[in-house]
Amino acid sequence: MTLLRLAWRNLLRQKRRTGLLSLVVIYVTVAVLFMFGFLDGYGESLVEAYGAYVEAPVEVARRAYWEDPDPNQGFSALPALAHPLVQAATPRLAFYALLRSPYRLEGGVVLGVDPEGEKALSRVPYKVAEGRWLSAPGEVVLGAKLAERLDVRLGERLVVEASALKGPQALGLAVVGILRAGVSNVDYGGVYVHLEDARALTGALATHLALKVPRGREAQVAAELNALLPEDLLAKGVWDLMGPIRADYEGSRLFYIPLLLLFMLLAAVAVVSTTYVSVRERLREFAVVESLGLTPWGLAGLVALEAALASLVGLALGLLLGYGLLAYTSTHNVFGPLMRLSMELLPESGLSEALYTAVRPVYAFYAGAVVVFSGLLALLFPGRLVLGLSLPRYLKGE
């Protein structure tokens with residue numbers, strides 16, 4: 001306790017030095033909190049986009065379909081699923097088709113859905129900005145950007161051409177709704193038709209079953225279903241449905257986490273180097289303290305405590321600023337313009353225009369590593385300086 005009081009008093013005597021040391025730690029603490037909050041928020045945004053808009057929390061299909069996503073590899077009969085965590089299930093039929101308007105022609109993936117079943121599972125039906133959601137065969141709902149490219153409007157007809165089990169087929173469908181979901185795959189490429197129309201175009205029953213399960217339990221439910229399903233069926237959780245964007249996200253984490261550790265180490269080095277210079281200037285003072293009875297190891301501990309306390313002050317202020325910043329960005333979509341630009345550049349990525357940072361107490365634990373690094377490094381370098389202190393030399397003023 002005496003050492004702690006002495007270290008604190010020394011910090012107060014050198015207010016400018018303590019302020020500079022704390023400033024470095026504040027900067028790094030805010031950076032650590034923000035980057036972890038941003039990365040976790042980005043991951044949650046992807047799960048939300050894929051689980052509620054692009055795909056589903058869990059999907060079940062034949063293994064052959066996962067390897068070759070063709071309607072010919074779909075179900076011959078819908079499988080019966082019994083799991084206590086499955087809240088809703090609906091069949092879907094996905095297929096590639098040509099979309100022909102009176103003015104434009106474009107290829108894309110069409111999703112045949114049960115309109116009522118989709119309402120229980122997906123948020124897409126509730127994102128119709130113009131017109132309405134599907135209610136009967138003979139209708140199509142389009143993403144807003146795709147409708148602009150095709151130059152079609154509500155009430156106009158769109159011809160969907162496909163080729164599958166029945167050979168080349170075409171249907172003229174009335175555009176009844178325009179979607180603005182704020183999710184790239186929906187707005188830039190979403191084509192939703194009635195399941196009966198999809199079956200008429202492809203001759204297939206359904207390509208996969210979409211399941212709604214509680215958030216955070218997707219992988220567990222998929223694994224438990226795989227233990228129950230026949231060998232030729234495979235369930236995938238939302239993370240396994242993301243495709244290349246998952247690799248991009250995991251790669252970002254692998255890149256930024258070592259970078260943040262390097263930032264924390266550099267901050268600790270900055271604290272310790274300043275402490276080292278300070279200790280060299282105060283060697284005579286330390287010699288006097290040692291002559292009064294403090295052991296060399298006690299002096300080394302005093303130096304380490306000074307570095308740790310200066311870091312602790314910076315950490316406390318950094319946590320205050322960092323969590324304040326996270327609290328604001330977790331409720332305000334400040335990254336919206338950046339995400340909208342990313343959606344335009346990567347329309348098939350599944351990115352959402354809404355990105356909110358995550359706020360978790362464990363970030364404070366990560367940022368606290370700066371204090372630990374500072375204390376240990378201070379013990380190794382400035383501490384060694386006072387351990388080698390020649391008491392007679394400094395007391396004589398040589």
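Colleague: Before we start, what does buried mean here?
Modeller: Buried means under 20% relative accessible area, while exposed means over 50% and partly exposed lies in between. Keep in mind that this is a predicted model.

Colleague: Then why does Tyr 363 count as buried?
Modeller: Tyr 363 has a relative accessible area of 1%, which is under 20%, so Tyr 363 is buried.

Colleague: And Tyr 366, buried or partly exposed?
Modeller: Partly exposed, with a relative accessible area of 32%.

Colleague: How many aromatic pairs are there?
Modeller: A search of the whole structure gives twelve aromatic pairs. In one of them, Phe 36 and Tyr 363, the ring centres are 5.9 Å apart and the planes meet at 20°. The pair is stacked because planes under 30 degrees apart count that way.

Colleague: Where do Phe 36 and Tyr 363 sit in the chain?
Modeller: Phe 36 is in helix H2, residues 15–54, and Tyr 363 is in helix H13, residues 362–367. The pair links distant parts of the chain, 327 residues apart. Phe 36 is buried, and so is Tyr 363.

Colleague: Tyr 363 and Tyr 366, stacked or tilted?
Modeller: Tilted, because their planes are at 35°, with the ring centres 6.5 Å apart. Both residues lie in helix H13, three residues apart, about one turn of the helix.

Colleague: Which residues form the aromatic cluster?
Modeller: Phe 36, Tyr 363, Phe 365 and Tyr 366 form one cluster.

Colleague: Switching to Thr 357. Where is it?
Modeller: Thr 357 is in the loop between helix H12 (336–345) and H13. Its relative accessibility is 5%, so Thr 357 counts as buried.

Colleague: What lies 3.3 Å from a polar atom of its side chain?
Modeller: The backbone oxygen of Leu 326 lies 3.3 Å from a polar atom of the Thr 357 side chain. The backbone nitrogen of Ser 330 is also 3.3 Å from a polar atom of that side chain.

Colleague: Which residues is Thr 357 in contact with, leaving aside neighbours within four places in sequence?
Modeller: Among them are Phe 34, Gly 37, Phe 38 and Gly 41, and the list also includes Thr 329 and Phe 335.

Colleague: New topic. How many salt bridges?
Modeller: The count comes to 17 salt bridges. One of them joins Glu 106 and Arg 149, with the closest N and O atoms 2.6 Å apart. Glu 106 lies in strand E3 (residues 105–113) and Arg 149 in helix H5 (residues 144–150), so the bridge ties together parts that are 43 residues apart in sequence.

Colleague: Are those two buried or partly exposed?
Modeller: Partly exposed: Glu 106 has a relative accessible area of 22%, and Arg 149 has 31%.

Colleague: What does Arg 340 form a salt bridge with?
Modeller: With Glu 353, the closest N and O atoms being 3.8 Å apart. Arg 340 is in helix H12 and Glu 353 is in the loop between H12 and H13, 13 residues apart. Salt bridges that share partners also join Asp 40, Glu 44 and Arg 360 into one network.

Colleague: Last one. Which residues form the nonpolar patch on the surface?
Modeller: Phe 255, Leu 259, Leu 262, Phe 263, Leu 265, Leu 266 and Val 269, with about 590 Å² of accessible area together. Leu 266 lies in helix H9, residues 244–281, and counts as partly exposed at 49% relative accessibility.

Key. Residues numbered from 1 in each chain as written. Predicted model: local features only at pLDDT ≥ 70, side-chain atom pairs only at ≥ 80, totals over all residues. Heavy atoms only, no water. Phe/Tyr/Trp six-rings, centres within 6.5 Å; stacked < 30°, edge-to-face > 60°. Helix = DSSP H or I, 4+ residues; strand = E, 2+ residues; numbered from the N terminus. Buried < 20%, exposed > 50% of the residue type's maximum accessible area, 1.4 Å probe, protein only. Patch = residues over 30% accessible without salt bridge, like charges linked within 9 Å, V, L, I, M, F, W, Y side chains within 5 Å. Areas by Shrake-Rupley, 256 points an atom, 1.4 Å probe, with all protein chains shown as cover. Salt bridge = Lys/Arg side-chain N within 4 Å of Asp/Glu carboxyl O. Polar contact = N/O pair within 3.5 Å; in protein donor to acceptor, adjacent residues only side chain to side chain. Contact = heavy atoms within 4.5 Å.
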